[in-house]
Amino acid sequence: MKKSWLFLGLSLLILGACNTQSSKETIKAEDGFSFAFLTDIHLQPEKNAVAGFRQAIDTVNKLNPDFVITGGDLVMDALDQTHGRVDSLYALYKEVSGEFNMPVYNAVGNHEVYGWHRDEDGIELNPDFGKKMYEKEMGERFYSFDHKGWHFIILDAIYRGDEGNYIGKIDQEQVEWLKGDLDKTDKLTPIAITVHIPFITSRTQLSQGALAANSEGGVITNSLEVLQMFREYNLKLVLQGHLHFNEDLYVGNQVHFITGGAVSGQWWSNKPGSQPEEGFQMIHVKGDELSSEYIDFGWTPANEL
Amino acid sequence: MNCKTVLGIIFLFFISCKQPSANTSLSDESAFSFAFMTDIHLQPERGAKAGFQWAIREVNKRNPDFVLTGGDMVMDALNQTYGRVDSLYNLYQELSEKFKMPVYNTMGNHEVYGWQRNEKNIEQHAEFGKKMFEQRLGPRYYSFDHKGWHFMILDAIYLGGRGYYTGKIDKEQMAWIAGELEVLDIKTPIAISVHYPFITSAIQLTRGSMAPNPEGFVISNSAEVLRLFSEYNLKLVLQGHLHYLEDIYVQNQVHFITGGAVSGQWWNNTPDSKPEEGFIMVHVKGEDLSWEYVDFGWTPPGDI
């Protein structure tokens, strides 16, 4: 197994930038696999979001990847809603995402965190306060798994800042855990990270000019510290969400930082011309190389006609 | 911070995106390749001459339709004697004659004669500043068409007060770009070549994601310039300056490629240096493109 992906890795080095055409040809290769990355679903009973999400799920099921990774902001919203509303949103997400025909690995987004932004007496004493709701309903907020020679790491970048609001940061507990996780990982094993808030992005530079800085709610503020831990490892892919923006930053012929658009487009309120289209990323892996394509699952909000 | 307010701002760029492979207006017969070679930093020292000749040989072997350079062809015109600068330009012109295909040059900061040199009356010199580049290598900004694509070469070296320069597209070029685009079919795929990057991941990766790009690394009025292209089919921006390799593919529409460096780390690579001495080969088919970084196999005497 290891020998074969090493060989393929070498032969595919010259593929360079992601090429959606060749990806369709390579997907059937024996040791290749695909997975879907669905981020910023913002599921809610309003805005026809349930039907939209179901259309995305149908499309995924037809494409039949090995598994699905979500990139956070699964529901809208837990930060500043009543416990009853939040509870029903989690229930709705679990019910609808049960319709995927393959395993689903979730990542936590800021909108999954219960009560941080809510002004309600004693809310901090609620047993579901903060990320406890997510952990109870969805599982671990950070973890890793292996698939066909790749190592997948899911991180939680939602950090509570001094004023109670969220900022992007990987906390010390995870930094320690990562050390241990990487200690057990072979230096040649291709690694893919999923995290809601981006490590790096071009979005701020594009919209505000090349001298503009990212905000602490828009990116992982300790990105350097975390990425340095991977310096000696074969980090190939970082899947990011949060920005409802499509970009693939391919750096040093080594790592793709992909911000994966949004299943909800502009929060299920797209108008003609809105970017991104409601969609998700299909990642095609062959050996330790990959390509990606953004799948527009054809959703048109009622108000977009 | 209210994330929805900040992020919910409707994003105006590249609103007229096309899906990459779907319906190309150009036929497959129009497939072609070209080489993008940036930051050559040619000089008689450090084996640079031999290194550049290796690169030229590799390009000729691959036989692209043409070569685009990304600036910083010589090292250096900013702060050297006229005799040295004159000989560097001559050396570059002599060697680049060996390309078997047309060469289109882009201006880099190191091509500007005398800007940082403290020499009496140097301003009066007939080749002072960008005049040297213009008289020897041609216009500092221009465009050409090739097999259905429109190529625009920009000059991002903005000369401020004496000795100072930064990355910026001047007003003269802004007006010229607007005029160019007015007569261009909005479906025509466009490629830009420019020395300073419009956008880059280099600073975020090396200093952390909160670090802004410093002036002198990027084009400070990038948003203003890119807005001119928002209704057009901009597909590719080729950038240099940073000696860094990246491809930022945004909104499934535009590749911003920073093309490494022919000189690697100024012809001083050690075994772990990045980038390898190399150049970009761009392969165009219809209006789609792919690229590869070609390491032409150079090993500096000190890199063994």
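A residue counts as buried if 20 or more other C-beta atoms lie within 10 Å of its own, as exposed if 12 or fewer do, and as partly exposed in between, with C-beta atoms placed from the backbone. This is a predicted model, in which local features need pLDDT of at least 70 and side-chain atom pairs count only at pLDDT 80 or more, while totals for chains, interfaces and linings use all residues. Residues are numbered from 1 along each chain as its sequence is written, and chains are lettered from A and ligands numbered from 1 in the order in which they are written.

Select A:Lys179 to begin, which is found in helix 6 (residues 172-183) of chain A; here helices (H or I, at least four residues) and strands (E, at least two) are DSSP runs, numbered from the N terminus. A:Lys179 is exposed, because 10 other C-beta atoms lie within 10 Å.

Now display chain A as a whole, whose secondary structure comes to 8 helices and 13 strands. Of its 305 residues, 50% count as buried.

Next, select helix 3 (residues 49-63) of chain A, whose 15 residues reach 21 Å from the first C-alpha to the last, close to the 21 Å expected at 1.5 Å a residue, where the expected span is 1.5 Å times one less than the number of residues. Its buried residues are A:Ala49, A:Gly52, A:Phe53, A:Ala56, A:Ile57 and A:Val60. Viewed down the helix axis, these buried residues fall within an arc of 140°, so they line one face of helix 3 of chain A; the arc is that of the directions from the helix axis to the C-beta atoms. They pack against strand 1 (33-38), strand 2 (67-70), helix 4 (83-97) and strand 12 (279-286) of chain A. Just after the helix, A:Asn64 takes a positive phi of about 55°.

From there, move to the open sheet of chain A, in which 5 strands follow the order 3-2-1-12-13 with mixed pairing; two strands pair if DSSP finds at least two bridges between them. Strand 3 (104-105) and strand 13 (289-296) of chain A are the edge strands, each pairing on one side only. Within the sheet, strand 1 and strand 2 of chain A run parallel and are joined by 4 bridges, with A:Val68 as the bridge partner of A:Ala36.

B:His146 stands opposite B:Trp149, and of the 2 residues between the strands, B:Lys147 in the turn has a positive phi of about 45°.

Finally, show both chains: 44 residues of chain A are in contact with 44 residues of chain B, contact being defined by C-beta atoms, placed from the backbone, that lie within 7 Å. On the side of chain A that touches chain B, the largest share, 6 residues, comes from strand 10 of chain A. Strand 10 of chain A is joined by 5 bridges to strand 10 (residues 244-250) of chain B, and the two run antiparallel. Select A:Leu249 there to find its bridge partner, B:Ile248.

Terms used. Two residues are in contact if their C-beta atoms, placed from the backbone, lie within 7 Å.
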